[in-house]
Amino acid sequence: MANTFTPVYDEIEDRIILVINYEDIYNRIDFMITRSFILKLLPTVEEFMIHHYWDNKEEVVEIVYDAQKDENDTLQQTNHEDLELFAKEKELLQEVNFTYIKDKELTTLTLSSKKTFAIASLNYTMLRQLFDTIKISIPNFSWGIAANF
């Protein structure tokens with residue numbers, strides 16, 4: 001089960017590394033996301049969210065870490081020492097599937113490579129935050145992607 005998501009741009013690989021469960025050595029997965037995959041994924045995510053969460057589409061989620069915020073917030077600052085210390089072999093993300101659970105207003109997100117997969121159940125806000133943080137990690141200029149993509 002995926003509990004935490006940490007996207008980081010890897011300049012050497014020229015890919016986004018999406019680290020899942022970075023503090024849990026036994027359940028950690030490091031997915032690599034290519035530019036090509038991002039260009040296909042992000043519009044699909046937007047379409048999915050508009051289709052299933054139409055009432056919430058105008059909600060704005062600000063991605064700013066504030067140490068004074070309540071501990072129950074869904075965003076937390078990454079401990080970069082742990083991120084590097086517990087690094088695993090990176091796997092190429094090949095598929096992302098979304099399943100909307102209407103009665104609970106949740107999305108089951110499945111990310112998979114050739115070897116492994118991760119599953120998470122996310123509400124609208126958490127799903128939006130996940131993909132907004134991935135967008136923030138994109139090297140817009142070098143990938144030729146507009147900042148408001």
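Reader: Which residues of α3 are buried?

Author: This is a predicted model. In α3, the buried residues are Y124, L127, R128, Q129, L130, F131, D132, T133, I134, K135 and S137. Eleven of the 14 residues are buried, so the helix is largely enclosed by the rest of the structure.

Reader: What covers the buried residues of α3?

Author: The cover includes strands β1, β2, β5 (95–101), β6 (106–112) and β7 (117–122), along with helix α1 (35–52).

Reader: How do I read the span of helix α3?

Author: Start with the general idea. An α-helix has 3.6 residues a turn, so residues three or four places apart point the same way. Now the case here. Helix α3 covers residues 124–137. At 1.5 Å a residue it should span 20 Å, and its end C-alpha atoms are 20 Å apart, which agrees.

Reader: What caps the N-terminal end of α3?

Author: N123 does. One of its side-chain oxygens lies 3.2 Å from the backbone nitrogen of T125.

Reader: How do I read the strand pairing, parallel or antiparallel?

Author: Strands of a sheet pair through backbone hydrogen bonds, either parallel or antiparallel. Here β1 (residues 5–10) and β2 (residues 15–20) are antiparallel, over six bridges. T6 stands opposite V19 in β2. Four residues lie between the strands of this hairpin, and D14 takes a positive phi near 55°.

Reader: What is the strand order in the open sheet?

Author: The order is β1-β2-β3-β4, with mixed pairing. β1 and β4 (90–92) are the edge strands, each pairing on one side only. β3 (residues 29–33) runs parallel to β4, joined by three bridges. F31 has E91 in β4 as its bridge partner. Helix α3 packs on this sheet, touching β1 and β2. Its direction makes about 15° with that of β1.

Notes: Residues numbered from 1 in each chain as written. Predicted model: local features only at pLDDT ≥ 70, side-chain atom pairs only at ≥ 80, totals over all residues. Heavy atoms only, no water. Pairing = 2+ DSSP bridges. Helix = DSSP H or I, 4+ residues; strand = E, 2+ residues; numbered from the N terminus. Expected span 1.5 Å × (residues − 1). Buried < 20%, exposed > 50% of the residue type's maximum accessible area, 1.4 Å probe, protein only. Contact = heavy atoms within 4.5 Å. Polar contact = N/O pair within 3.5 Å; in protein donor to acceptor, adjacent residues only side chain to side chain. Axes fitted to C-alpha atoms, helices over the stretch in contact; angles between N-to-C directions.
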